[in-house]
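Hi,

Here is the structure we talked about. Please load it before reading on; my notes follow below.

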Amino acid sequence: MVLWILASLLPPAVVFGQQAQPASQRYRAPVVNDTGSLKGPRQPIFFRHDIHAGQDQIPCMYCHSSAAVSSEPGLPSLQTCFGCHQVVGGSTPSHQAEIKKVRDAWRDKKPPEWVRIHALPGFARFPHMRHIKALGAQSCTTCHGDVQHMPQVYQVTTLRMGWCVRCHVEHKVTRDCSVCHY
Amino acid sequence: MPKPFNDIFRPPPTPGVLGIFQYLDATLEAIKKLRAAGHTDFTVYSPIPRHEIEDALDQPVSPVRMFTLIGGIAGCAIGAWLTLWMSYDWPLVVGGKPVGSVPPYVVIMFEMTILFGALSTILGILFNAVFAARRGGKIQYDPRFTNDRFGIFVPASSQEAGKMESLLREAGAEEVRRG
Amino acid sequence: MAEARTSTRLTYDYVTRTIARTLGAPTRGYFLLLGAAVGLLGIGIITLLFLLRYGLGLAGYSHPVYWAVFITCFVFWVGIAHSGTLISAILFLFRSGWRTAVYRTAEAMTVFAVMTAGLFPLIHIGRQWYFYWLIPYPNERGLWPNFKSPLIWDEFAIGTYFTVSTVFLIMGLIPDIAAVRDLATGWRRKLYGITSLGWTGANEQWRHYTRGYLYLAALATPLVLSVHSVVSWDFAMALVPGWHATLFAPYFVAGAIYSGVGLVITLLVPIRRLFHLEEIITVDHFENLAKLCLLTGSIVSFSYLTENFVAWFSGNAAERAAFWYRAFGPYWWASWTMNICNGLLPWLLWSKKVRTNITALFVISIFVNIGMWFERYVIIVVSLAGEPFEPWANAVYNPTWADWGIMAGSFGWFFMWFLLFVKNFPAVSISEVKEVLPPPRSKAAKVRA
Amino acid sequence: MTDSIDRRRFLKVLGVTGAGAAALSSCGIGPEPTEKLIPYLIQPEDQIPGTATYYATTCRECAAGCGVQVRVREGRAVKLEGNPDSPINRGRLCARGQAAIQGLYNPDRLTRPMVRNATGTFEAIDWDGAMQRLSAKVAAARGKGIVFLTGAEQSSFGDLVDEWTAQVGGRRLSYEPFGFEALRAGNRMAFGTAALPTYDFANAKYLLSFGADFLDTWLSPVEFQNGFSRSHAFDAGRPASMAKFVYVGPRLSLTGMNADEWIAARAGTEGTLALAMAQVIVSQRLAKVPADASRLAGLLARHTPRAVAEVTGVEQAAIVRLATEFANSKGGLAIAGGMAAQYPNGAEIVAAVNILNYAAGAVGSLVKFGADLAIGRTNTFADLASLISDMAAGKVALLFVYGANPAYSLPGAFPQALGKVGYKVSFSSYMDETAAACDLILPDHHPLEQWGDSRPRAGVIALQQPVVQPVFDTRHTGDVVLRLAGRPGTFQDYVQSKWRARQKTNFDQQWMDALARGGVYAESPPATRAVRLAASLDSIGAAAPAASAAQDQEVIVFPHPVLHDGRGANKPWLQELPDPVSKIAWHSWVEVHPDTAAKWGLATGDFLLLKSPFGAQKFPAWITRSVRPDVLAVPTGQGHSAYGRYAQDRSANAFELLGTQVNSYGGRTFAVRASATKTGEHRKIVTTEGSPRERGRGTVEVLGLARAKGLHAGDHPFHYEETPEYASGAVEWWGERQHEKASIGNYQGDHPRWGLAIDLSKCTGCAACVTACYAENNLATVGEQLMQRGREMSWMRLERYWLTDEKGEPQGAVNSPMLCQQCGNAPCEPVCPVFAAYHTPDGLNGQVYNRCVGTRYCSNNCPYKVRYFNWFNYAERGGEWEAWPEPLSMLLNPDVTVREKGVMEKCTFCVQRIRGAQNQARLQDRNVRDGDIMTACQQTCPSEAIVFGDLNDRHSRVYELAGNPRGYHVLAGLNTKPAITYLARVVAQETPSHG
């Protein structure tokens with residue numbers, strides 16, 4: 001609601017800006033007025049993958065650095081966020097509001113508690129590095145969906161065994177049980 | 001209720017004569033007489049199956065056996081498919097044995113043969129004895145038939161009913177009913 | 001020849017009414033028995049809830065004894081289940097008339113025993129809530145059960161056996177239900193009216209019915225032999241000394257029939273007494289059962305001898321150790337109970353005096369059941385406990401309240417069903433008993449005859 | 001006392017990543033992902049989420065000073081492994097070292113300072129408050145006697161304390177319950193030096209131990225065991241092999257169990273025996289007699305074999321034979337210690353053995369003086385006794401206790417004296433007996449949380465660095481002392497200053513190296529100092545052991561191999577680890593010889609009440625031939641009255657039986673005479689022992705030395721290794737069928753066949769592998785009650801089968817680690833109805849925990865009985881059988897699923913390590929190399945008995961070992977085709993008996 005009002009106060013140039021852009025231009029993240037209608041759980045900070053990964057084209061590995069070398073992708077430390085956001089303050093009041101949260105968190109040394117979206121059961125192992133090694137750095141979308149264009153991330157694939165196995169069979173790689181279960 | 005169902009489940013009463021017998025030999029007598037008179041579509045009630053009655057009626061062998069045979073063969077085939085296809089669908093080696101090793105699967109095939117054979121036999125009996133037996137329409141019946149009395153029901157139009165009654169009495173029916 | 005067996009003053013009417021009388025209003029004694037059965041079942045259910053909440057550890061298991069009382073009871077009940085179909089199917093094919101008076105009880109017992117046995121595999125597994133993984137159903141993971149596992153054979157065998165013996169029982173019941181229907185009044189008449197599936201005894205019905213019954217018997221006969229063979233393979237397929245024997249299939253089948261006949265006697269004696277069926281279930285019947293007992297019992301004791309002989313003859317250290325441990329290890333009492341009850345007791349039946357003495361038979365039959373329970377206990381627990389391959393891994397296993405609770409529950413479950421059955425359906429076949437009677441003939445016919 | 005703390009706070013404290021949190025919480029089977037992900041504030045640059053980091057530090061479980069590498073995942077220490085760079089343990093670790101991590105995350109650790117309030121009960125206090133009180137007390141106590149009691153501390157911390165106590169006019173006392181006074185006194189007697197030598201086990205050709213349990217508790221077990229296995233284990237390649245090992249002592253310890261021959265000399269006469277042997281050697285000139293041997297003449301004359309045969313209970317012939325063997329081996333090493341050094345005449349015994357070594361020329365070659373083991377520099381028991389008397393006399397106003405628990409090991413005397421002390425401060429991490437009697441408790445960091453160092457011996461300085469954030473609100477005692485001394489900086493600075501003082505030039509470089517390597521290790525071994533015989537030797541052997549009184553029994557109290565002096569008693573891994581000899585866990589016992597038992601009508605499990613002049617305790621009897629008939633043996637370690645949930649009120653404390661008098665050489669006597677009476681009580685002892693005899697089933701194989709030497713490549717000494725005639729056809733047919741496996745689905749192509757080789761000649765049965773397995777694979781500890789019912793989960797169990805002589809007396813034992821054999825034709829697999837047990841392409845018996853429904857058929861069909869079932873949910877929070885109460889769950893290995901109740905589990909050759917190595921190899925586009933993968937058991941094995949590798953790789957070590965003629969497969973006759981090759985144990989006897 002508040003955001004809606006904020007958005008309505010924006011200068012027209014910003015609001016209608018992107019419609020004016022020629023289609024040839026690279027992807028512009030839309031202005032989200034009604035966050036309530038977005039898919040996926042609400043995060044403590046309205047972090048927009050579509051802006052960071054899509055519009056600004058920051059590579060996934062920039063934040064999830066260990067994905068290519070370790071079994072766990074890891075989360076960016078708050079330091080990583082603040083690294084940019086002590087300079088980048090945000091163009092619109094709504095963005096500024098969110099970025100302020102980051103700065104406050106850094107000031108209070110209180111990392112945000114993100115809501116987990118992609119979770120595997122404890123008895124299934126998913127070594128990220130092997131999959132990225134095999135499918136390439138762009139392959140995150142295979143499981144996580146088109147995150148670059150998601151204002152708010154939600155689970156696209158089931159991440160259930162049958163789904164894993166199907167992919168393994170398609171790619172003619174092993175579906176030996178003890179590769180994932182031990 | 002639509003008509004065809006109606007005919008199956010609530011068939012109209014069939015007109016005819018019902019003779020109730022105390023003695024087996026009297027019943028057989030009646031059967032002989034009726035067959036001599038060229039009747040074939042009469043029904044004989046008995047508390048237990050007596051081979052004498054079957055002989056007297058000399059009916060063809062029941063088709064139930066076909067049900068059994070087909071069911072058994074189908075079951076065996078299903079068993080074979082189940083075991084072999086599932087083994088190769090996700091091949092896992094256990095105990096150094098071949099993935100699809102038939103000997104152990106024979107057990108499954110056997111059990112499936114019996115299972116399907118038995119079930120289809122039941123279907124056969126139900127179909128033939130319970131439903132098929134009713135196609136003659138609703139005919140007269142007496143509770144004593146499951147106890148100690150034999151009975152013969154002859155479908156007959158009102159004009160020939162009289163003839164039937166006498167025929168049954170001569171044969172030794174202790175009671176004859178018309179309906 | 002069949003007609004000679006039963007006293008001639010029986011008439012169709014007498015048979016119908018005597019047997020129908022068993023369905024009369026239940027007495028207080030009946031309700032007490034039923035209450036007791038339900039009470040036992042309650043104990044079993046509570047125990048099961050505990051097992052589900054805390055885990056199987058509540059039972060007495062101890063490495064390496066990983067199967068114990070539960071599986072013992074499973075095999076025991078499966079065994080019990082065998083005499084029923086044997087009597088009804090095999091003796092039917094052999095056209096032995098004396099079966100008619102006893103086979104209904106035996107069949108009912110069979111069905112309920114299988115129902116009981118079927119519960120144990122579900123109870124004894126570690127994660128009972130995943131029991132359905134043993135069933136080949138299409139699933140999201142694309143996984144199938146392992147058809148090489150004797151447990152899966154078991155599942156199929158027991159499942160088939162339950163289905164077939166149930167339909168067999170129902171088939172036999174239909175004409176009798178019709179008979180009862182025609183005597184009954186009120187709601188019971190309605191009930192039997194529906195359950196008799198419109199049976200009238202018309203020749204068209206008898207024609208298909210008799211044929212079908214014959215084929216069912218023909219199918220049930222190999223089945224009954226296969227089921228306990230498969231159960232025995234649960235053990236024979238394993239390489240545990242004391243289990244790993246080709247003898248097992250016939251040995252188990254014989255044992256099963258032995259125990260089954262034992263329980264049939266145990267059940268028939270009171271039924272006969274309470275329902276005054278002395279005219280219909282005669283001493284001859286008991287004697288025949290006793291002979292069956294004697295035959296199978298002798299096969300069982302022969303198997304014992306063979307087992308021990310082969311163990312010695314094979315010269316295999318592990319085998320020898322296993323059987324030595326059986327006889328003289330910490331479980332000597334169990335194995336000697338088994339040897340005495342199953343090996344020596346049947347020999348009493350050589351004497352006609354014993355065979356024709358109902359009380360004696362009743363007592364013996366109870367010991368037969370005890371003996372057969374211990375046989376399974378010895379085969380399962382003792383073979384695992386005295387682990388002869390790995391001298392280091394052995395244990396002395398002692399059952400706990402959880403084991404006994406589940407076992408009690410199984411007896412409650414069985415007897416509850418059986419009691420409900422005898423009061424609501426003819427416990428002795430009406431039509432088939434008539435079959436062995438001389439049919440009513442007119443004077444003239446009698447003269448001619 | 002210890003209030004549990006919720007996990008969330010941990011994650012904050014440790015800054016665990018979401019991945020970490022996920023790994024931590026989703027260890028359980030079944031989908032239970034964490035709902036919240038808490039990122040690092042600042043990510044440590046040396047930590048990659050999902051990947052382990054190793055930090056080198058030093059093990060402080062005993063004074064040996066082994067180097068360890070701590071495996072850290074997401075800020076949690078999950079496993080300890082030996083540091084290959086350390087010259088002491090050479091990358092190996094013992095059970096106690098493995099269990100150190102359970103001290104770090106122990107649920108009974110004190111979470112904050114505690115102070116005794118007016119009502120006499122403890123209450124929490126914050127550090128500032130505590131420090132204020134303390135400095136006030138110190139100020140008040142100046143000059144009135146300040147004593148700082150520590151454990152063995154040859155370290156910067158020790159120096160700091162010394163400096164400070166000097167500054168405040170107090171003194172420091174170091175105390176080890178099992179001291180080494182006798183060794184020093186004995187060395188002084190024989191050679192006039194109190195230093196402790198090093199023993200070169202690796203190069204000995206004949207080992208003769210007089211009570212020294214160098215494999216389990218004596219000085220530096222891991223180091224000695226490693227050396228021992230090099231000399232004692234049979235190695236066809238080494239001409240000298242194998243060195244015969246003879247053990248002299250009244251009972252068989254873990255060490256004695258590994259001997260080829262057991263000389264059960266009467267307790268206390270070991271010295272006399274040694275002198276007799278020396279006499280034989282000198283008189284018969286068996287060895288090059290040293291120049292000053294003449295001075296021995298007088299002494300030795302008194303000890304001819306004939307003279308001593310009677311008193312020692314060893315036949316004259318045997319003495320001569322031993323002496324001859326010993327001398328002729330041209331490399332005999334005699335070691336005195338352990339029990340022999342704890343009799344009233346311990347010093348003489350040590351001296352006598354020194355003389356034997358000297359006479360045989362071992363001194364200087366195999367026994368090297370100069371390194372001077374630090375452990376020896378602890379104060380003597382006499383010093384402690386005087387402290388106690390001071391305390392009792394009220395001469396001590398302020399007492400600090402650090403790293404010691406005298407109230408437990410000196411029951412009676414010490415607690416009483418403690419009562420007279422003005423103010424008592426404990427730095428214990430636990431509310432142990434001593435701490436409970438103190439006024440102020442300032443819990444110290446766990447060694448894995450703190451800076452420090454230790455100098456186990458000359459030339460080795462082991463460095464200690466914090467590998468995790470402190471788990472609780474504790475503080476390093478070094479910092480506390482620095483505050484008290486009013487000195488600036490932290491203890492870390494202090495340590496650095498010390499090191500800087502030692503290393504003048506380019507300190508930073510050296511410091512970084514030390515951090516990486518775990519310390520500084522002198523390249524060349526310390527110079528050997530020559531020793532000569534001391535002036536007067538006549539005192540030696542004079543003191544004959546007291547004649548045995550009629551009804552009294554000789555009771556010897558020995559240190560428990562893993563609980564040691566009781567410090568390990570609150571670690572479930574160690575409690576659940578069966579004692580290597582008796583295989584008894586979770587409680588104490590008394591060893592009784594069958595003859596004695598028969599005399600008293602005693603059965604195993606019957607309680608014996610031992611009443612010594614100093615105290616009385618009840619112990620359940622364990623009837624065994626591994627102890628002399630005239631001796632009862634009792635282990636220490638149990639019977640704590642405090643200390644924590646696992647240790648408290650468990651069995652009986654053997655120290656109660658011992659007096660606190662100082663004996664002739666200033667040590668404590670661990671042998672007492674006590675009356676033994678049957679109480680009539682009985683208990684089922686908690687033991688994993690099945691049959692003590694192998695009964696010729698082919699589970700273990702033993703070869704005589706000559707036979708083993710005679711073997712050539714391709715020999716099959718074990719008949720059943722060849723397929724029997726009648727079976728060959730079937731086996732051939734089976735072989736032909738096997739190609740199908742390689743042609744279907746995942747099984748196509750070449751795969752490794754993982755295998756293990758276990759050399760029983762090397763295995764000593766020390767059980768380090770067992771604890772390592774617990775640590776690596778999240779094995780649940782089930783506790784006393786369940787273990788009594790055979791519910792223990794140890795995937796790796798040690799089977800101890802006695803070897804006996806013709807008289808049936810045990811002559812050592814053969815220990816066989818029994819774990820899943822990963823059979824090629826696994827009986828467990830085909831019986832599983834749901835494919836939870838199946839064969840992986842790389843030859844493992846996969847066990848898919850989340851598929852298992854728990855029919856337990858696999859275990860029934862497993863001839864090796866190495867499958868274990870989860871009878872309860874051992875991971876249930878607050879459950880009755882919870883195995884990892886907070887914060888113990890922090891040490892769960894995130895790479896291994898924690899099994900749910902109703903699931904079968906077993907060893908899979910650390911498949912998580914295999915997959916990890918394969919993943920790394922894939923990243924580097926290479927194949928897994930031989931040696932990339934080490935199973936936990938192999939990694940820790942102090943005697944390097946276990947080798948893991950790919951049997952399909954013609955160049956792997958395991959392939960080579962699998963082809964060894966000594967190799968055999970357990971129960972090979974069953975045609976299970978195991979992947980584990982055991983190498984038969986070789987014993988010096990020519991005709992080994994399986995018993």
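Asp925(D) is exposed, because its relative accessibility is 58% and the cut-off for exposed is over 50%. Its salt-bridge partner is Arg922(D), at 3.7 Å from N to O. Arg922(D) is partly exposed, at 31%. Keep in mind that this is a predicted model.

Two other pairs in chain D are worth a look. Asp565(D) and Arg567(D) form a salt bridge at 2.7 Å, N to O. Asp565(D) is buried, with 6% relative accessible area. Arg567(D) is partly exposed, at 25%. Lys395(D) pairs with Asp390(D), with the closest N and O atoms 3.8 Å apart. Here Lys395(D) is exposed at 52%, whereas Asp390(D) is buried at 19%.

Over all chains, the structure holds 79 salt bridges. In chain B, a network of them links Asp142(B), Arg144(B), Asp148(B), Arg149(B), Glu174(B), Glu175(B) and Arg177(B).

Now the interface of chain C and chain D. 53 residues of chain C contact 58 residues of chain D. The buried area is about 4400 Å², and carbon and sulfur atoms give 57% of that. On the chain C side, Tyr66(C), Arg127(C) and Trp392(C) lose the most area to chain D, together 21% of what that side buries.

The rule finds three salt bridges across this interface. Glu390(C) and Arg797(D) meet in a salt bridge at 3.4 Å, N to O. The side of chain C that touches chain D has 35 nonpolar, eleven polar and seven charged residues.

Best wishes

Conventions: Residues numbered from 1 in each chain as written. Chains lettered and ligands numbered in written order. Predicted model: local features only at pLDDT ≥ 70, side-chain atom pairs only at ≥ 80, totals over all residues. Heavy atoms only, no water. Contact = heavy atoms within 4.5 Å. Buried area = accessible area lost by both parts, 1.4 Å probe. Salt bridge = Lys/Arg side-chain N within 4 Å of Asp/Glu carboxyl O. Nonpolar A, V, L, I, M, F, W, Y, C, P; charged D, E, K, R; others polar. Buried < 20%, exposed > 50% of the residue type's maximum accessible area, 1.4 Å probe, protein only.
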